[in-house]
Amino acid sequence: MSKYLVTGGAGYVGSVVAAHLLEAGHEVTVLDDLSTGFGEGVPAGATLVNGRIQDAGRYLDSSYDAVLHFAASSQVGESVVNPGKYWDNNVGGTLALLTAMREAGVRTLVFSSTAATYGEPAEGALTETSVTAPTNPYGASKLAVDHMIAGECAAHGLAAVSLRYFNVAGAYKEFGERHDPETHLIPLVLQVALGERESISVFGEDYPTPDGTCVRDYIHVADLAEAHLAALREAAPGEHLVCNLGNGSGFSVREVIETVRKVTGRDIPEVIAPRRAGDPAVLVASARTAHERLGWTPTRSDLTEIVTDAWNFARGRRS
């Protein structure tokens with residue numbers, strides 16, 4: 001059994017990863033200030049410490065085997081109007097965490113990075129060597145942390161893996177998405193199905209894609225969690241490994257909406273809206289590195305399964 005600190009473990013992805021760690025027989029402490037996470041979302045069996053990532057040094061000691069770092073501000077729009085919050089929380093907070101890890105002798109880190117580090121790519125399936133040109137402070141702050149981690153590995157022998165997520169969706173047992181505000185497509189469409197929203201906005205229908213709407217790579221949150229456990233096993237001292245996590249294929253906005261209609265049996269009114277600035281036509285990952293280095297391959301790639309799990313979670317929250 002190993003002992004892990006999970007920062008941001010009361011949030012969507014962090015809670016699912018914490019649940020997988022507990023099921024694998026490990027000891028888990030969740031560090032979360034509950035500013036966006038939910039105390040009831042922390043899996044039973046984990047110890048919750050209510051605190052900021054900047055204060056990680058108060059809680060870390062040599063008994064921990066590794067840190068899984070999810071704590072971050074993550075709203076793209078907010079980052080544009082309040083960039084200082086993102087440099088403080090994401091960059092400053094991670095710097096404090098890295099310092100605390102070094103002082104405590106905790107030498108393994110798995111970091112929750114993002115496809116937003118790539119910005120508006122012009123190419124097809126993105127690899128880890130694709131150009132990184134973030135278009136907002138959120139993506140820029142995550143890229144800055146990736147650079148910071150690389151320096152820590154080179155200078156101090158940290159073993160680290162950055163996992164760049166594409167579109168995470170679905171639910172695992174009682175753990176699912178409940179952001180406030182909600183910005184992700186699948187839960188937004190499900191809100192329409194539940195009668196909590198009148199319609200779903202389709203931002204642009206004239207993209208160079210089969211049906212004119214944007215195409216995105218969706219990955220089931222349970223597949224994502226399994227990649228984190230694999231990253232813990234494969235992290236190597238002195239190396240900063242970066243892996244994209246996605247299915248390698250995409251679904252359009254209209255395909256997602258139609259799948260929600262089929263799964264829920266509900267009407268989903270659409271409202272066509274202008275394109276949003278910074279929305280690339282296609283954003284799809286190549287997960288070859290994760291397959292080769294982590295031995296990881298997603299097994300829940302079917303959009304119907306992803307939507308069904310998310311629908312069951314959304315309905316369960318209302319019951």
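Where is Leu 34 found? Leu 34 is in the loop between β2 and β3 (47-50). Strands and helices here are DSSP runs numbered from the N terminus: helices are H or I with at least four residues, strands are E with at least two.

## Basis of the model

This is a predicted model: local features need pLDDT of at least 70, side-chain atom pairs count only at pLDDT 80 or more, and totals for chains, interfaces and linings use all residues. Residues are numbered from 1 along each chain as its sequence is written, and side-chain values use heavy atoms, with hydrogens and water left out.

## Overall fold

The protein chain holds nine helices and 14 strands. Its radius of gyration is 19 Å, close to the 20 Å that the globule rule gives for 319 residues, so the chain is as compact as a globular protein of that length. The radius is taken over C-alpha atoms, and the globule rule is 2.2 Å times the number of residues to the power 0.38. Along its principal axes the C-alpha trace spans about 55 × 45 × 40 Å.

Of the 319 residues, 55% count as buried. Buried means under 20% relative accessible area, exposed means over 50%, and partly exposed lies in between (1.4 Å probe, protein chains only).

## The nonpolar cores

A nonpolar core is a set of buried Ala, Val, Leu, Ile, Met, Phe, Trp, Tyr and Cys residues joined through side-chain atoms within 4.5 Å. The largest one has 43 residues. Val 13, Leu 21, Leu 68, Leu 163, Leu 245 and Leu 294 touch the most other members. At least two residues of this core come from each of β1 (3-7), α1 (12-23), β2 (27-32), β4 (66-69), β6 (159-165), α6 (221-234), β11 (240-245) and α8 (288-294). α6 gives the largest share, nine residues.

## Helix α1

α1 has twelve residues and reaches 17 Å from its first C-alpha to its last. That is close to the 16 Å expected at 1.5 Å a residue, where the expected span is 1.5 Å times one less than the number of residues. Ten of the twelve residues are buried. They are Tyr 12, Val 13, Gly 14, Ser 15, Val 16, Val 17, Ala 18, Ala 19, His 20 and Leu 21. These buried residues pack against β1, β2, β4, β6, β7 (167-169) and α6.

Leu 21 shows the packing in detail. Beyond residues up to four places away in sequence, Leu 21 touches Tyr 4, Val 6, His 26, Val 28, Leu 68, Leu 229 and Leu 232. After α1 comes Gly 25, with a positive phi near 95°.

## Helix α6

α6 has 14 residues and reaches 20 Å between its first and last C-alpha, close to the expected 20 Å. Eleven of the 14 are buried, among them Val 221, Asp 223, His 228 and Leu 232.

## His 69 in strand β4

His 69 sits in strand β4. Is this residue, His 69, buried or exposed? His 69 counts as buried, because its relative accessibility is 1%. Its side chain makes a polar contact with the side chain of Thr 7 (2.7 Å). A polar contact is a pair of N or O atoms within 3.5 Å; within protein, one must be able to donate a hydrogen and the other to accept it, and residues adjacent in sequence count only if both atoms are side-chain atoms.

Leaving aside neighbours within four places in sequence, His 69 is in contact with Thr 7, Ile 53, Thr 94, Leu 97, Leu 109, Val 110, Phe 111 and Ser 112.

## Cysteines

A disulfide is counted when a pair of cysteine sulfur atoms lies within 2.5 Å. The count is zero. Cys 243 is in no disulfide; the nearest cysteine sulfur, that of Cys 153, is 13 Å away. Cys 243 is buried, at 0% relative accessibility. Cys 214 is also buried, at 6%.

## Positive phi in loops

Leu 34 has a phi near 60°, a positive value in a residue other than glycine. Leu 34 counts as partly exposed, at 29% relative accessibility. Lys 173 is another non-glycine residue with positive phi, near 55°. Lys 173 lies in the loop between β7 and α5 (185-193) and is exposed, with a relative accessible area of 57%.

Technical notes
Contact = heavy atoms within 4.5 Å.
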